[in-house]
Amino acid sequence: MATAASEGEGDVALLSTVTLALQKLGIPHRTISYLDQNNRTEGVFCKNLLLKDRKGQFYLVVFAESRKELDLKLVRRELKAHRNFSFASPEDLSQLLGCRSGFV
C-alpha cells in the first residue's frame with residue numbers, strides 16, 4: 001500500500017494529483033498527515049529522488065526510508081539510463097512536479 005503525506009495546505013493540489021494518479025493505476029493508498037517526521041507512528045515512508053540522465057530523460061525513484069543508501073549505478077543499469085545520473089534542478093522540479101526541493 002502506498003502512503004502519501006502532506007505537510008501543509010500548499011500541498012493540497014499536489015496531493016490530489018498524486019491521489020488521482022494512484023487511483024488510475026489501481027494502487028491502494030491512504031494519506032497520513034504529519035508535521036514532524038519524528039512524530040510518525042504508522043505507514044511506510046519513502047524517499048524520492050528526481051534524477052536526470054545525460055540525454056535529459058527524467059526518472060522519479062522511490063525507495064523505502066529504512067534504506068540508508070541507494071546504489072545509483074545499479075539503478076542506472078536497471079533502468080537502462082544513458083550514462084550517469086544527476087539530480088534534477090529546482091527548475092526541473094517545479095516544472096515537472098509542481099513542487100520545490102524537499103517536497104518530492
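A: Buried means under 20% relative accessible area, exposed means over 50%, and partly exposed lies in between, with a 1.4 Å probe and protein chains only. The model here is predicted, so that local features need pLDDT of at least 70 and side-chain atom pairs count only at pLDDT 80 or more, while totals for chains, interfaces and linings use all residues. Residues are numbered from 1 along each chain as its sequence is written, and side-chain values use heavy atoms, with hydrogens and water left out.

Q: Is Asp92 buried or exposed?
A: Asp92 counts as buried because its relative accessibility is 13%. Asp92 has its place in helix H3, where helices (H or I, at least four residues) and strands (E, at least two) are DSSP runs numbered from the N terminus.

Q: Which residues does Asp92 touch?
A: Contact means heavy atoms within 4.5 Å. Leaving aside residues up to four places away in sequence, Asp92 touches Lys52, Phe58 and Leu97.

Q: How do the strands pair, parallel or antiparallel?
A: In general, strands of a sheet pair through backbone hydrogen bonds, either parallel or antiparallel. Two strands pair if DSSP finds at least two bridges between them. Here three strands form an open sheet in the order S4-S3-S5, with antiparallel pairing, and the edge strands, S4 (58-64) and S5 (86-87), each pair on one side only. Strand S3 (residues 46-52) is joined to S4 by seven bridges, and Leu51 has Tyr59 in S4 as its bridge partner.

Q: Where does Leu70 lie?
A: Leu70 lies in the loop between S4 and helix H2 (72-79), and Leu70 is partly exposed because its relative accessible area is 23%.
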